[in-house]
Amino acid sequence: MDIKERIRRSPPAADPVAAAAAAAAVGHPRGRKARVAALPLSVAALVACGVLLLLLAGGGSAARRGGQLPDADPNTLSRGRGDLPQAGPRDGEHETVESSSKVQRDKLIGGLLAPGFDEQSCLSRYQSGLYRKESPHLLSTYLLERLREHEVRQKKCGPHTESYKKAIEQLKSGQGTTVGDCNYLVWVSYSGLGNRILTIASAFLYAILTNRVLLVDGDKGTADLFCEPFPETSWLLPSDFPIKQFRNFSIGSPESYGNMLKTEAIRSDGSFKGPKPAFLYLHLAHDYDDYDKLFFCEHSQQHLQGIPWLILRSDNYFVPSLFLIPAHQEELMRLFPQKDAVFHHLGRYLFHPTNVVWGLITRYYDSYLAIADEKLGIQIRVFETQTGPFQHVLDQVLACTLKEKLLPEVNAQQSIVSSRNVKSKIVLITSLNSGYYERIRNMYWEHPTTNGEIISFHQPSHEEHQDSDKKMHNMKAWAEIYLLSLSDVMVTSAWSTFGYVAQGLSGLKTWIMFKPENRTAPNPPCRQVMSMEPCFHAPPFYDCKSRRGIDTGKLVPHVRHCEDMSWGLKLVDTNQHENTKLWDRVLRK
């Protein structure tokens, strides 16, 4: 029985009282009187003699063992029933207990998720194990501890608590003094869905590192897409948040940390010319300037530590640069011994589709994807003003999948190719345009594969244009990201945050197609990524100590330049020997 059936059929634990009652009923003299009376006397005598001999033999064996029964552990004997061993599990009970335990581990993703949520309010949280393979990537116990600590903080300081009400009063007063031990990071909803998911994960990690409560802006339908990740509280910023203009903050806002550095409202020692503000705005979007980028310097982190409220706007996955801040390096090493699994773990912890989106996902998966021997996901993102389809993009997709043997060649000479061992492969294509799906599907419909493999193609939607402000558009996009992440093998497009998210959730090292130039398919068309981590598209190139420009992709072995964007940064996992040396260094401190 597979894990899906085990979770669905999850048998209740056996009731020992009911079992004893049933056994007593079976063994009651009234239930056996007719059969015993019908036995011939000679047979009854023989049975009695046999039982007597067995008892004598058992007693002798017990005597030779010092009064214990054979194979009995003296530590497990009951004390009030004549030194008889406790009844052991019947055949199959060990398997049932182990299966139930595994089901529970799968539901909680190895302890990554906390128990205790109302399962019906968010079916995807505990049902993901029905559809997703068990992750092979290292999950540190320290990360689990910090997640449980953070959940306590979110519950204590979250919306509508006494601590939150006091913090809001302090924010309204404009005073920068911290009330209690609750500090906050407010994430502003900005850009497309893939960007929003990556920036929430980045903000969440920063909140953990700085012991802040994460509150997310509910604009663009956040609550329609994602379940609440923290138990017994909400991560949604209440609609009566007193800083009404926070969604309009930008690079030119005087409340931004970068502008306050530029105008010297914050001195080099971190002190303020005037009163310490109750909040600061952090502009970490793609258009941020050199002063905003000083956020990633250690002295800036010390400045921000005493500010009760931080408001963050970003469209970047800025986690790689957090690994370059000395104050956070040791903590990050403990949280993520496998450094290329940061988004993989945080994404599976944070992002659970709402029931409406989960319905889109499960109906499509069960209808079209569940029966495959292998699932290949192909994500096609075209950065062109025209809609396409474009021939050079189609050529690139086919060149990549055929070169890497992700799809078999077709036989244009024969109408039928027979094969004894027919293997089925399902290809899920996600794209705003349906043209690529139709042309690849027709190619494999009109010609047999050279190896006899059966290929079927599916595309859930083709919206033609990205429209991040529409509720159903976002729901379909989130469903397709999730479906793509359930693939066994995946091909994604360069620069695409949609593909980054699917890749990270899957835990796969995908093949990434390089960005075409001059409408020409690149050669090579694709390569396998170094790690499943997303790319930070706009990192700073600045050495905070020497105060000069530097290549931040060459400072440490686990932060390198991206495959698809030469100036971007991504986390990679170093080899086991380097991991061991770094971990030993952490433990010696």
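**Sheet, helix packing and a disulfide**

Reader: At what angle to β2 does helix α7 run?

Author: The model discussed here is predicted. Helix α7, residues 141–157, lies across two strands, β1 (184–187) and β2. Relative to β2, the helix runs at about 65 degrees.

Reader: Which strands stand at the edges of the sheet?

Author: The open sheet is formed by four strands with parallel pairing, in the order β2-β1-β4-β3. A strand with a single partner has one side left without a neighbour in the sheet, so the edges are held by β2 (213–216) and β3 (279–283).

Reader: How many degrees does the twist average from one strand to the next?

Author: The strands concerned are those of the open sheet, which follow the order β2-β1-β4-β3. From one strand to the next, the average twist is 20 degrees.

Reader: Which residue in β4 does Tyr-281 stand opposite?

Author: Strand β3 runs parallel to β4 (residues 309–313), and five bridges join the two. Across this pairing, the residue in β4 that stands opposite Tyr-281 is Ile-311.

Reader: Which strands does helix α9 lie across?

Author: Helix α9 comprises residues 193–210 and runs at about 175 degrees to β1. The strands that α9 lies across are β1, β2 and β4.

Reader: Is the crossing of α18 and α19 roughly parallel or oblique?

Author: The axes of α18 (residues 391–403) and α19 (residues 435–446) come within 10 Å and cross at roughly 50 degrees.

Reader: How many of the residues in the contact of α18 with α19 are nonpolar?

Author: On the α18 side the contact includes Val-393, Leu-394 and Val-397, and on the α19 side Ile-440 and Met-443. Gln-391 in α18 and Arg-439 in α19 also take part. The contact has one polar residue and one charged residue, while the number of nonpolar residues is nine.

Reader: What is the handedness of the disulfide of Cys-122 and Cys-227?

Author: The sulfur atoms of Cys-122 and Cys-227 are 2.1 Å apart, and a disulfide requires them to be within 2.5 Å. The torsion about the S-S bond is about 95 degrees, so this disulfide is right-handed.

Reader: How many residues apart in sequence are the parts that this pair ties together?

Author: Cys-122 lies in the loop between α5 (93–107) and α6 (123–127). Cys-227 lies in the loop between α10 (222–225) and α11 (257–262). The pair therefore ties together parts whose separation in sequence is 105 residues.

Technical notes
Residues numbered from 1 in each chain as written. Predicted model: local features only at pLDDT ≥ 70, side-chain atom pairs only at ≥ 80, totals over all residues. Heavy atoms only, no water. Pairing = 2+ DSSP bridges. Axes fitted to C-alpha atoms, helices over the stretch in contact; angles between N-to-C directions. Contact = heavy atoms within 4.5 Å. Nonpolar A, V, L, I, M, F, W, Y, C, P; charged D, E, K, R; others polar.
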